[in-house]
Amino acid sequence: MSVKDTALEYHLNGYNCAQSVLAACRDYYDIDEKTALAISAGFGGGVRSGEICGAISGAVMAAGLACPFNDAQDTEAKKKIANIASKSVDIVRDKYGCVRCIDLKKNGVSCPEIIGFMAETAEKIIKENKY
């Protein structure tokens, strides 16, 4: 099953956008499903405030786990994840014109649409950048 299909299945089973994307990308990092779902649980609905889309947050979390910056002295890794995060946001902004959950919904972008798009985007970015 593709990462997009897996993400959409998570969503159909009741998980939020961030959870769906992060858990669907588990093949690219080493944490278990329950941990992925727990970490991302509060990020749905734009951190429950309508702000940045949870699917974007889930994609950035997945990339952060796959391309970790966990050594303060590793300035290369720090730059890499900063670029990945910026790129993830820019990709959504370029495609949809906004990145806030509330604005995406106002513009008719459904959760399944953005979840599928960000799962595929995360997978592509991870494959391009993984150490």
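**How the helices pack**

Guide: Start with the whole chain. In this predicted model, residues 24 or more positions apart account for 61% of the contacts with a separation of 6 or more. The protein has eight helices and zero strands. Read along the sequence, the pattern is α-α-α-α-α-α-α-α. The C-alpha trace spans about 40 × 30 × 25 Å along its principal axes. For 131 residues, a compact globule would have a radius of gyration near 14 Å, and the protein agrees, with 14 Å. Of the 131 residues, 44% count as buried.

Now go to helix α2, residues 17–24. Begin with its packing against helix α5, residues 54–66. The two axes lie 7 Å apart, at an angle of about 30 degrees. Angles under 35 degrees count as roughly parallel, so α2 is roughly parallel to α5. The crossing is right-handed. Look at who touches whom. From α2 come C17, A18, V21 and L22. From α5 come G54, A55, G58, A59, M61, A62 and L65. Sort these residues by class: nine are nonpolar, two are polar and none is charged.

Helix α2 also packs against helix α3, residues 33–40. Here the angle is about 150 degrees, and the axes are 8 Å apart. Angles over 145 degrees count as roughly antiparallel, so α2 is roughly antiparallel to α3. This crossing, too, is right-handed. On the α2 side, the contact uses A18, Q19, L22 and A23. On the α3 side, it uses A36, L37, I39 and S40. That contact has six nonpolar residues, two polar ones and no charged ones. Notice A18 and L22. Both take part in the contact with α5, and both take part in the contact with α3.

Next, follow α5 onward to helix α8, residues 111–129. Their axes come within 9 Å and cross at roughly 20 degrees. That makes α5 roughly parallel to α8. Again, the crossing is right-handed. From α5, the contact takes A55, I56, A59, A62, A63 and A66. From α8, it takes I114, I115, M118, A122 and I126. By class, there are 11 nonpolar residues, no polar ones and no charged ones.

How values were computed
Residues numbered from 1 in each chain as written. Predicted model: local features only at pLDDT ≥ 70, side-chain atom pairs only at ≥ 80, totals over all residues. Heavy atoms only, no water. Axes fitted to C-alpha atoms, helices over the stretch in contact; angles between N-to-C directions. Helix = DSSP H or I, 4+ residues; strand = E, 2+ residues; numbered from the N terminus. Parallel < 35°, antiparallel > 145°, perpendicular 65-115°, else oblique. Left-handed = near helix turned anticlockwise from the far one by under 90°. Contact = heavy atoms within 4.5 Å. Nonpolar A, V, L, I, M, F, W, Y, C, P; charged D, E, K, R; others polar. Rg over C-alpha atoms; globule rule 2.2 N^0.38 Å. Buried < 20%, exposed > 50% of the residue type's maximum accessible area, 1.4 Å probe, protein only.
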